[in-house]
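Hello,

Here is the structure I promised to pass on. Please open it first, then read my notes below.

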Amino acid sequence: MKKLVLVAMMAAVTSLAGAQVQFGAKAGLNLASIRISPSEPGTSFKMAPNFNAGVLAYLPLVSKLGLQPEVMYSAQGSKVSSGSEDGTYHLGYINVPVLVKYKDPSGFFVEAGPQIGFLLNAKVKSQGVSVDAKDTFKGADFSAAFGIGYLSPLNIGIDARYNLGLNNIAKYGDNESAKNSVAQLSIFYMFGHHSK
């Protein structure tokens, strides 16, 4: 039994080593918000535009399926309005999604998978004053990522993705839940030979 497991592991390693792994770089637009539940009367959270940028790899698995891990800097947060006061939450994350991607020979693809985010910084800005708020947020954010896109024969692609926050990112407040919500539109480039 041990020999069988060893042979299977060796075959998997050999297969991965021989697979044509591609690497790429990407950047794009974030439309981020924070979902608050229950919401306070008179307080609203709206999408704030920002950016994302990072690197990715594509590992072919079987047929048209592959695995795509990424390491991305993602500027997130939300605009907040409460009465006569307006402010903005600025949250900076290093996000690591691991996506299963289905690629059609035409170049179109769909992707989905889990994502973990590591909080780098958090600030609240209101009326020209910026305050460090990192201590009020948890250090990790878990999300589910879903996306579609297109990769051209020139190795230039575009993807649209939605990251649905799953855990409460607020460190304090037992009766209140705060979750990230991010829509992304990115352009990417894959280095090396293109394989559909």
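Is Arg-161 buried or exposed? Arg-161 is buried, because its relative accessible area is 5% and the cut-off for buried is under 20%.

Please keep in mind that this is a predicted model. The chain averages a pLDDT of 87. A score of at least 70 is reached by 85% of the residues. Where pLDDT is low, the predicted coordinates should not be read in detail.

**Charged pairs**

Back to Arg-161. Its side chain meets that of Glu-111 in a salt bridge, at 3.0 Å from N to O. This pair links distant parts of the chain. Arg-161 is in strand 9, Glu-111 is in strand 6 (residues 108-126), and 50 residues separate them. Glu-111 is buried too, because its relative accessible area is 4%.

Arg-161 has another partner. Asp-159 forms a salt bridge with Arg-161, and here the closest N and O atoms are 3.4 Å apart. Asp-159 counts as buried because its relative accessible area is 2%.

Asp-159 also pairs with Lys-26. The closest N and O atoms of that salt bridge are 3.0 Å apart. Again, distant parts of the chain are linked. Asp-159 belongs to strand 9 (residues 156-165) and Lys-26 to strand 1 (residues 22-37), 133 residues apart. Both Asp-159 and Lys-26 are buried.

These pairs belong to a network of salt bridges. It links Lys-26, Glu-70, Lys-101, Glu-111, Asp-159 and Arg-161. The structure holds six salt bridges.

**Nonpolar cores**

Next, the nonpolar side. The largest nonpolar core has eleven residues. Among them are Ile-34, Ile-36, Leu-91, Tyr-93, Leu-119, Phe-137 and Ile-169. Strand 1, strand 5 (85-103) and strand 6 each give two or more residues to this core. Another core lies apart from it and has six residues, including Leu-56, Phe-109, Leu-151 and Met-190.

Take a look at Ile-36, a member of the largest core. Leaving aside neighbours within four places in sequence, Ile-36 is in contact with Phe-45, Glu-176, Ser-177 and Ala-178. Ala-178 is also listed in that core.

**Rings**

A search of the whole structure finds five aromatic pairs. One of the pairs is Tyr-189 with Phe-191. Why is this pair called edge-to-face? The ring planes stand at 80 degrees, so the pair is edge-to-face; the cut-off is over 60. The ring centres are 5.1 Å apart. Tyr-189 counts as partly exposed, at 36% relative accessibility. Phe-191 is partly exposed as well, at 46%.

Two lysines deserve a look here. The charged end of Lys-101 sits over the ring of Phe-109, 3.9 Å from its centre. Lys-101 is also in the salt-bridge network, and Phe-109 is in the six-residue core. Lys-103 lies over the face of Tyr-58, at 4.2 Å from the ring centre.

Best wishes

Technical notes: Residues are numbered from 1 along each chain as its sequence is written. Side-chain values use heavy atoms; hydrogens and water are left out. pLDDT is the predictor's confidence in each residue, from 0 to 100. A salt bridge is a side-chain nitrogen of Lys or Arg within 4 Å of a carboxyl oxygen of Asp or Glu. Helices (H or I, at least four residues) and strands (E, at least two) are DSSP runs, numbered from the N terminus. Buried means under 20% relative accessible area, exposed over 50%, partly exposed in between (1.4 Å probe, protein chains only). A nonpolar core is a set of buried Ala, Val, Leu, Ile, Met, Phe, Trp, Tyr and Cys residues joined through side-chain atoms within 4.5 Å. Contact means heavy atoms within 4.5 Å. Rings of Phe, Tyr and Trp (its six-membered ring) pair if their centres lie within 6.5 Å; planes under 30 degrees apart count as stacked, over 60 as edge-to-face and the rest as tilted. A charge sits over a ring if NZ of Lys or CZ of Arg is within 6 Å of the ring centre and within 35 degrees of the ring normal.
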